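Here is a walk through a predicted model.

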Amino acid sequence: MDKPDKLAQVEQDVLSAMKKPGLGYLAALGCSATLFLTLLGLWGYQIHTGMGVAGITHPVGWGVYITNFVFWVGIAHSGTLISAVLYLFRARFRTSFNRPAEAMTVFALLVAGLFPLIHLGRTWKFYYLFPYPTQRMLWVNFRSPLIWDVFAVSTYLTVSVVFFYVGLIPDFAIARRYKEGLAKRIYGFFSLGWTGTRRQWKNYNQLYLFLAAFATPLVASVHSVVSWDFAMSIIPGWHTTIFAPYFVAGAIFSGTAMVITLVVPMRKILALGRYITDDHFESIAKILLFTSLIVTYSYVVEFGLAWYSGNPFEMETFRYRALGDYTVMFWIMIFCNSLAPLTLFVRSLRRNVKYLFVLSLFVNVGMWVERFVIIVTSLARDFDPYAWGTYTPSIVEVGITLGSFGLFFTAYLLFLKTLPVLSITEIKEHL
Amino acid sequence: MKRRDFLRVLGILSGSTLLSSCGSRKTKDFVSSVLPPEEGVIPGEAYFSPSTCAECPAGCGLSVKRREGWPIKLEGVPGHPINDGGLCIRGQSSLTRLYHPKRVEAPMLRNGDGKFQAVSWEKALSLVSESLAGSRDAGRKNLFLSGRTTGSLSLLIDAFCGKLGVERLPEFEVYSHSAVAEANGLLFGERDIPHYRIENADFLLTVGADILATHVSPVSYTRKLSRARIRGDFRWIHAEPHLSLTGVNADRRFVVFPGREAVLLAYLLRQVLERGPRRHGLPREAVNALPRFSVENASEKTGIPAEELAELSNRVTKARFPLVIAGGISTSHRRGLEVAVLAGMIQWVTGQIPGLVDFARNEKYGGTGTFRDMEALSARLSRGEAGVLFLSRTNPVFSLPAGFAFRENVRKAKLSVAFGDLLDETIKEADLILPLSHSLESWGDVEPRRGVVSLVKPALASLHDTLSEGDMLLRLMGAVSGEGPATGYREYLFAEWTKRFGEKGKDALLRDGFVEESLPEKRVTLNGGKASAFLKETAAEGGEPKAPVLVLAPSLRTFDGRSRGLPLLSEVPDPLTTISYGRWLSVSPGTAKALGVKDREEATVSSGDWSQVLPMKIQPGLAEGVFVAGRDFVDSPPLRTEERTGEATWYLEGIRIEKSGKVAAIPVLSGSPSQQGRGLIPDPSHKDERHHHGKESLYPEHEHKEYRWAMAIDLALCNGCSACVAACYIENNVPVVGKKDHLKGREMSWLRIEPFYGEAGNVDFLPMLCQQCHSAPCETVCPVYAAYHNPEGLNVQVYNRCVGTRYCSNNCPYKVRRFNWFWHLWKKPLDRMHNPDLEVRAAGVMEKCTFCVQRIRAAKDRAKDDSRKVRDGEVTTACAQSCPTGAITFGNLLDTESKVYRLAHLTRAYRVFEGLGTNPSVYYLGGAKGGPEREGHG
Amino acid sequence: MENRMMFRDKEEFLSALRDLAREGVPQERIRVETPFYVHEVDEILPTKPAKVKNFALLGAASGTVTGFAFTILTSLSWPLIVGGKPIVSLPPFVIIAFALTILFGALSTFFGFLILARLPRVFGVVPEEEFGNAFVITVEPGETK
Amino acid sequence: MTRSVRKPAILLAVTAYFGVLLLIAAGLWVSWQRAGIAPDQPIAFPHTIHVSKLNLPCNFCHIYVDRSRHAGAPSLTTCMSCHRAIATDREEIKKLTRHYEEKRPVEWNRVYFLPEHVYFSHKRHVKAGVDCSECHGKVGTMKKIRRVGALTMGWCVSCHRARGAPLDCTTCHK
């Protein structure tokens, strides 16, 4: 079979995903959309009635909302890792993952960005958080980690969107060919009238390289900044120097898991087995294993530090974390993040896609729980014993959390039907 | 925009409506009144007027802070002979009684189907006068029962009863202290409670008397005690069967089972007789009649270790001015009278009368009756002797044992007329309710202590259709005699005052709010005959109650239960258990283990056919086999009445406990009874360890120009009475959120009393408020500068800038920041209480203690008017102002002359968690309670 | 009139291109369109490397400068002490500067690309003729040889 | 693709872009400058006569202006002290007299009002020598009082800056 047909074949294979949606798809979309609507409803209710409808209280001022924020930002990371870092390292297997991974990054960030707003006591005053010239002549406090968040996350979102879009431009041009009428014009519009001339390719190539270069440090920086929300405080259990690397590793860990969770069904349903092979999955699994080991190491170090410091506050916090009111959560976390992934040392399991899928689900849960444990247990037992307290999420918080998944999957499902789910151009290039 | 409107509504609610320039256009607050406001009143400026607290019989002087005519805060009057500036938690909350949403707003008459319906005063009064006459003709007796009444009102009642042929019954007080009065009558012919001059004593032994919280005149005693402690060379021992706030604050506390106190006092009396200080002797037969105890068997009987007992007797005998106060539970049981007598005799022998025990200025409990009197009354009612029964400011139906059947018998009166402001158990039984004005709405005076007359002056016109008791009686007299009210009560009073003090005195009273007459010293002599006769027929032993005992302790927050229903008092937690809402039964850890009950597990406590379900709270420091419940927690318990004194026992003996296994939902605000060795209140021996902390910082200290506000809190003086907490609530418009949120840990108090228990069951209280750190963790993390540090060293929270990330609260090591989880709406007319100098915080906003920045602003404003700096002592916070012990000092740390500067530089001064380098502005003065050698304070 | 050659195979296309180059046809007359980036083309018809990187550098630099200037100036415009730290405390400002470096860098690179690649072709987003997966060489007419 | 069409298109885009910016700016500006409101009053009190013609000093009626945070509105007694005799035939004065006789206070509509979280003291400003007109304008020339000062935070702050008045948040926020 000669090349040009192969090329055409690739296009058809990938673009076939865009054909009329089936019932299953619509059902899935319906479910996630409803979940998202519940989020909006509950949020409205919370704004009207007051923050008290959430379970958070004194002393635990942050709960599920911030947990979700950290979780989703974490999810975003592996997207960038796969698309940017692996691009710089010229890792071939990237080609099969980068598009869905980038999409995941963008959507995860959209969701993550929602939570700082949801958790605000006075959401309707959110604009106080942005440094813009007002008649008040008052700016924001750049010494606050929350402002760093504002900058880090919005930068990350912008760059990811640009990177995602740039990758799409030539594919838009291809999709344009397969469309008719208005759709043709729309895809054309997004393709910017790309034709593939020398000048376009030459600059495009460099652009992509530089965007990758710009995105790469973000993988490290953004989650470091997020981790500093905690590390910069003085709360025992938060105030640790290892938080930045610890969180970055965790982010990539959870993100990679999420990639697997998304790509496995996608590959099955859209019959892309030819382009996403078991070798690819094995490489991803290796990343998963590696980051899992780093995360586990961090857990150990945390406890080591607390024990070695001899600081009564630190020691109590970690005793409480492991054996206190939230001990169940803690051990769930240990099992999902440290023990279960060890199985990936077995090659056959690394190559067993079904197993990977199940494992990835465990890791997703485990990483969410990890953030919960870190945030809640540390706040529940800080310095003044009189002020110790506990926290149980309220139904509203649970609903909003589910809603956030609703939003994420809604976006992702729409992506499947509207955009080339794999980077056609790159696949061609590597044929 | 919906939000805006909501804020606006809150704005209107928040009391700054009248004439304040800071309302929105919607509020009609820019008004041309018809007449100019009264002299000396400047709209927008606070002004004070004197009055007297009526929340308990102590009669503390009030200075009522008013804005635009509305009382917004109550403060003690500095220099007042009773409370000298201090005010207790109940006094602070008295304002919520004035504005209570459930006050009786008009005369109420019970109609046919037993429902109350409002009637006019004319109708009500005429009805009363008719039935007065009617029942007189029917040969029934008209009776007048009131709570303890002093001053002109008492005279008026006598006049009233005289004129209308009404029999005035002995006043009813749950805490009549009649055993002590009886004893003094027996020994010295003075049937009353003397005035104890604690401040002049160098040794104090209190037996059962809860002098800090509820005994006779707590604020007065607390003040005196502080003076003695500050002076130094003072030792205070307390003996009690249960665990009271007073007990935990004594230098040493002994657990003595009810009845055994007599042994202790008999032993001490003999010690004093043999080893002095001995000014007067006792008649020989008295000495012989006095039982002999060796240290060993005295200690074996009292349960006080022998060496401790010896040490105690040494202290008594070595002391130059020993003072013994017996009272409360220790004088209200079978041997109560004996305990009181022995105490009196010790005072006699040591010759501290009238030096420390002053009968000239006695506390005027002479006219107060006992439970026996009430038993008699109930009997008379049941025989249907009563025509019209007046019940004024008293709640016997709640307080008396069910056995008295008072509830049923009240109905047997032809017409029962109750005077009161809130619907308590007794008023609900009455046929006719005549609503009383709050003391802040009425004229009057009280004489809580002989020769001390305190003014009651209206701070505002009556909110509702109510009358003061004086006016009511005068109008009744008028109605009966037919020629209408002779004069108003005001005129009556003015006449009385001029008669008693002359014009000058009257003006002084109206100006200062009190008059203190100079009285001749009163010398009393022991009636040796009676004394020895009494000793002969008693034998300091036997008659102890059967364990387990349920002690019904008077309640710091509601006294004998009369202050139940004041919202603020349930919001502020009990300092010992930190339980805010609900009732509970304290049980010792040992007993709890024996019974196998969990903390807060519900149990049925029963005695005879009486029983009640109460949650159990495990209470360190409590003796085995002793249970404690607040007097206000139990409904008509089967109390026994003592034959000799007529006083009711304060405990139920041989009670039974059946646990239910069900854990009750009562909010315990403290996360841990122990401080987990974290040195919030450091062990004095670790002084140096405290001091090398918290100095190092990367950055230079930011400098303060004129002021650097700071606070010093003397933990050796603080007794956990929580008056400061209540004061803070009212001064700062802190919302009362209720039980539901308390269970979630969402109480809003800016200032809390943290009790920390030691191994020995000893308690230290740590008032925790915003520490106003100079390197505040909360400030750095606020993204919008809502929390920042101002040039005067305040850690400011700008409410309208706050977006509610709650990061500051998370990052506060002291956890003193409070988040508004909901919109708090004050039930009308409680909103009148709002301090217009602060906004009422919106939902989603973080709030906290600001060192009463509004008071600082006002002081600076005044200072600026006559271009000077604020003087030391010119501005103080609400908590410091109210503190009865004077433990809190507020001032400018840059002023090296200031008191706070001196205190902050004492070697026992330290700051909580100094190791964190937060550099707080609140200095705590450590050192054990009245620890032997303490540096001076005042 | 321009003449166009279309190839289905990359190698044929490249050899054809080499021939043109050998014939000495000036490259500005040769238009090449490929389905994906073919780096050999740049070897056959050598050109200066793309200038997108200059935009990247410029953007990044301006980002850093803005980051520091903005944070420092706003802090000074209303000095408020927080946590006892100095008004201008650089460590946190570094983070802002870093974020802005990346942001400005990425954006200016992108816009630089648009300018250099002459995109978007506002009125030609859908070209009237598309070559699909063909490798196309179009030689614009010049003086006849 | 042809230059001829592209140029106007670009021009259009640019103008649209800046047009939007301008609109936003204008909107903000208006929302900040809430000055100029002039509600009707229950009694049309003419400052023109009392201030310009009769040269009454402001604190003749606003007696608390140098004693309290509120300038205060005059009590009707003050008004009647003159208007028992003067201009009794006028409609507005009749209104006034009615209020006085029926003992009904006059509730004026606020022209200057601040949000609930702001503390403002007339006394301090007057004592600091701020002239009434600096915030309230030349009331003598207004038949109906119209707001002059913007009463926005920026407006306050800029003046505080200019005069070296305290800029600490607690000065004005409560």
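Over all chains, the count comes to 80 aromatic pairs. Rings of Phe, Tyr and Trp (its six-membered ring) pair if their centres lie within 6.5 Å; planes under 30 degrees apart are stacked, over 60 edge-to-face, and the rest tilted.

Phe383(A) and Phe913(B) form a tilted pair, 5.7 Å centre to centre with 55 degrees between the planes. Phe383(A) lies in the loop between helix 13 (353-380) and helix 14 (395-418) of chain A, and Phe913(B) in the loop between strand 36 (909-910) and strand 37 (922-925) of chain B, so the pair joins two chains. Helices (H or I, at least four residues) and strands (E, at least two) are DSSP runs, numbered from the N terminus. Both Phe383(A) and Phe913(B) are buried, meaning under 20% relative accessible area; exposed is over 50%, partly exposed in between (1.4 Å probe, protein chains only).

Phe188(B) and Phe359(B) are tilted too, at 5.6 Å and 50 degrees. Both are buried.

Now take chain B as a whole. Chain B has 29 helices and 37 strands. Its C-alpha atoms fill a box of roughly 80 × 70 × 60 Å along the principal axes. Of its 938 residues, 67% count as buried.

Residues are numbered from 1 along each chain as its sequence is written, while chains are lettered from A and ligands numbered from 1 in the order in which they are written. In this predicted model, local features need pLDDT of at least 70, side-chain atom pairs count only at pLDDT 80 or more, and totals for chains, interfaces and linings use all residues; side-chain values use heavy atoms, leaving out hydrogens and water.
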